[in-house]
Amino acid sequence: MSRRSIDQILEGKPYKKLLSSEKLQQSEIDLVNTDPKKTQYYGRIVLDNCGRINPEEIEEYIGTGGYQALGMALKEKKPEDIIKIVKDSGLKGRGGAGFPTGLKWSFAAQEKESPKYVICNADEGEPGTFKDRLIMEGDPHKILEGMAICAYAIGANIGYIYIRGEYQLSIQRLEKAIKEAEKLGLLGKNIFDTDFDFEVKIKIGAGSYVCGEETALLNSMEGFRGEPRLKPPFPAKSGFLSKPTNLNNVETLANIPPIILNGAEWFRKFGTEDSPGTKVYSILGHINRPGLIEVPMGITLREIIYDYAGGMSSGEFKMAQIGGTAGGILPIELLDVPLDYLSLQIEGHNLGSGAILIMNETVPVVDFLECCMKFFVHESCGRCSICRIGTKQMYESFKYLREKEANYDELKKIEELAEALKLVAFCPLGQSVASPVLSALKYFRAELSKEIDSNEDYETITREMSDIVFDYS
Amino acid sequence: MTIKEIVDKYGSKRENLLQILHGIQNQNPRNYINKESISALSKEMNIPVSQIKGTASFYSMFSFIPRGKYVIRVCESPPCHLLGAESIFKAIEYKLGIMIGETTKDGLFTLEGTSCLGICGVAPAMMINEDVHGNLNEEKIFQILDQIQEQEKERIQLCREEALTRF
């Protein structure tokens with residue numbers, strides 16, 4: 001890459017051209033004239049460029065200030081400074097667990113062993129989530145830049161992106177982005193004339209939900225069955241090929257360049273005190289405008305449904321499942337709970353991957369849960385027996401309930417199994433099976449009990465007769 | 001490509017196994033991994049057959065039985081289920097006369113259920129090979145399948161004509 005263009009990127013000047021089509025430039029002008037808060041681009045961090053630039057042209061990304069953060073990090077900052085900025089920003093992992101990103105980086109940075117690896121987890125299998133796909137398709141260079149900054153901070157030289165096999169377009173776009181970045185010298189050897197080398201490779205998954213779990217992903221990357229590993233040792237100590245590894249979600253990495261560029265203070269202006277920043281949600285179900293939104297942390301479900309999603313498409317709101325199939329079910333009473341890590345934790349829920357599935361009153365809870373369990377039966381990796389057998393048992397219980405053939409103690413059985421899964425399952429997949437079930441039992445027990453009461457088979461024992469059944473256990 | 005060429009392309013280390021298996025499956029006209037290629041791969045990469053099969057059978061995208069030229073994968077996950085994935089299955093079963101996991105007699109279509117495809121914004125959705133189809137209803141499915149069948153008929157016709165001209 002020429003000296004001149006490096007300087008230009010560092011100064012934040014467009015290096016070739018700003019935007020490709022005149023139509024896009026036109027909309028840029030419109031943005032200036034209208035109230036900025038009312039445009040769809042207001043307050044976006046991660047999706048800022050998505051839909052505005054041509055993702056297949058690196059010049060357009062550079063034109064909007066791309067790779068400036070990487071240049072700034074390499075030229076002006078030490079690795080420790082970067083970790084400090086990320087720590088101060090309070091960014092939490094957006095993949096589902098919500099672990100502080102800066103802390104995670106500092107663990108990997110402390111390790112002396114080399115080589116170290118940076119892995120971008122793009123195995124987005126959570127049903128209802130498609131944010132990572134749209135980030136990868138809409139702004140692939142932002143992820144590469146985030147990875148390069150992370151690699152510089154922890155001292156790694158090799159990066160991998162693990163993408164699920166179904167995302168063909170994402171794979172193509174990222175491959176093209178890597179090639180173009182290497183051509184300009186933004187990846188590869190001696191980036192920005194420093195002695196920092198970084199290369200990125202792509203690994204393709206083959207259709208497994210559990211591979212989204214970090215240690216299962218590492219097994220899958222090494223060419224084994226995608227079964228989770230025992231923690232500790234954590235990936236930061238012994239990860240890919242038993243070397244120190246830092247794993248981050250796509251959305252987390254896409255947050256990094258703006259944070260480095262604008263500073264931690266700027267990032268803290270968005271969202272809440274405990275969970276700063278924005279969150280990308282994929283909203284779907286019985287609403288008028290399904291799709292992707294990026295909103296500040298701490299927004300309520302009511303705002304999302306009635307402001308962003310354009311209201312219910314049919315019927316009345318009954319429940320919403322947040323965080324994909326492994327997330328809890330929120331009833332109408334919790335419409336006004338702020339959606340951020342802390343507030344949801346108080347209610348006993350988890351923000352998860354950012355999928356919000358909104359359902360109207362036509363959806364029976366039993367039918368929905370049966371479908372969730374069917375998914376878990378299929379996706380349980382079979383390593384621990386409680387998950388392998390427990391999910392199957394729960395699926396059958398819900399099937400009995402739906403077919404109105406359930407016994408009086410079906411709900412008790414389900415509850416016991418869910419509690420057991422939560423306690424003893426080996427990996428987060430098994431543990432999270434409990435969350436839709438337990439939350440449904442908490443808020444919709446009356447509806448589920450009705451299913452038992454409507455069992456008309458006179459030979460089975462129904463719920464009213466449960467008192468006369470002697471428990472031998 | 002032979003197995004050796006595929007292995008050379010990706011590298012013979014264990015960590016490239018998934019990519020190699022993808023490569024083997026994609027070049028097979030019936031979209032599956034056959035016994036012969038597994039044993040050849042085992043010799044090439046120095047991994048026991050049992051381990052290769054054990055790894056490949058874990059992942060739902062690999063198949064050990066011959067599949068059709070077009071693999072139809074309909075999403076079964078809750079978001080699509082809510083918006084009527086069941087009727088999509090019924091429509092395809094009615095149109096092609098196959099159940100989940102089966103292949104049509106002419107070897108054109110295989111019907112599979114799959115977990116979330118990440119296109120829930122246009123639920124219910126399905127993938128035919130690498131093409132994504134969303135906002136499905138029965139009419140749309142009939143239209144898509146008719147189109148493919150028409151294309152295949154034309155292709156067979158063209159092949160026949162070409163073969164005839166050679167004689």
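**Exercise 1. Is E222(A) buried or exposed, by its relative accessibility?**

Solution. The model is predicted: local features need pLDDT of at least 70, side-chain atom pairs count only at pLDDT 80 or more, and totals for chains, interfaces and linings use all residues. Residues are numbered from 1 along each chain as its sequence is written, chains are lettered from A and ligands numbered from 1 in the order in which they are written, and side-chain values use heavy atoms, with hydrogens and water left out.

Step 1. The scale calls a residue buried under 20% relative accessible area, exposed over 50% and partly exposed in between (1.4 Å probe, protein chains only).
Step 2. E222(A) has a relative accessibility of 11%, so E222(A) counts as buried.

**Exercise 2. Describe the surroundings of E222(A).**

Solution. Step 1. E222(A) sits in the loop between α10 and β4 (245-249) of chain A; helices (H or I, at least four residues) and strands (E, at least two) are DSSP runs, numbered from the N terminus.
Step 2. Leaving out residues up to four places away in sequence, E222(A) touches R229(A), G239(A), F240(A), L241(A), S242(A), R14(B) and E15(B), where contact means heavy atoms within 4.5 Å.
Step 3. A polar atom of the E222(A) side chain lies 2.7 Å from the backbone nitrogen of L241(A).

**Exercise 3. Describe the interface of chain A and chain B.**

Solution. Step 1. Chain A gives 49 residues to the contact and chain B gives 34 residues.
Step 2. About 3,100 Å² is buried between the two chains, 59% of it from carbon and sulfur atoms; buried area is the accessible area (1.4 Å probe) that two parts lose on being put together, summed over both.
Step 3. E166(A), A206(A) and R225(A) supply 18% of the area that chain A buries against chain B, more than any other three residues.
Step 4. The rule finds 1 salt bridge across the interface, a side-chain nitrogen of Lys or Arg within 4 Å of a carboxyl oxygen of Asp or Glu. K374(A) and E76(B) form a salt bridge, with their closest N and O atoms 3.6 Å apart.
Step 5. On the side of chain A that touches chain B, α14(A) gives the largest share, 8 residues.

**Exercise 4. Which cysteine sulfur is nearest to that of C211(A)?**

Solution. Step 1. The whole structure holds 0 disulfides, a disulfide being a pair of cysteine sulfur atoms within 2.5 Å.
Step 2. The nearest cysteine sulfur to C211(A) is that of C381(A), 9.0 Å away.
Step 3. C211(A) has 0% relative accessibility and counts as buried, whereas C159(B), at 42%, is partly exposed.

Definitions and conventions: Polar contact = N/O pair within 3.5 Å; in protein donor to acceptor, adjacent residues only side chain to side chain.
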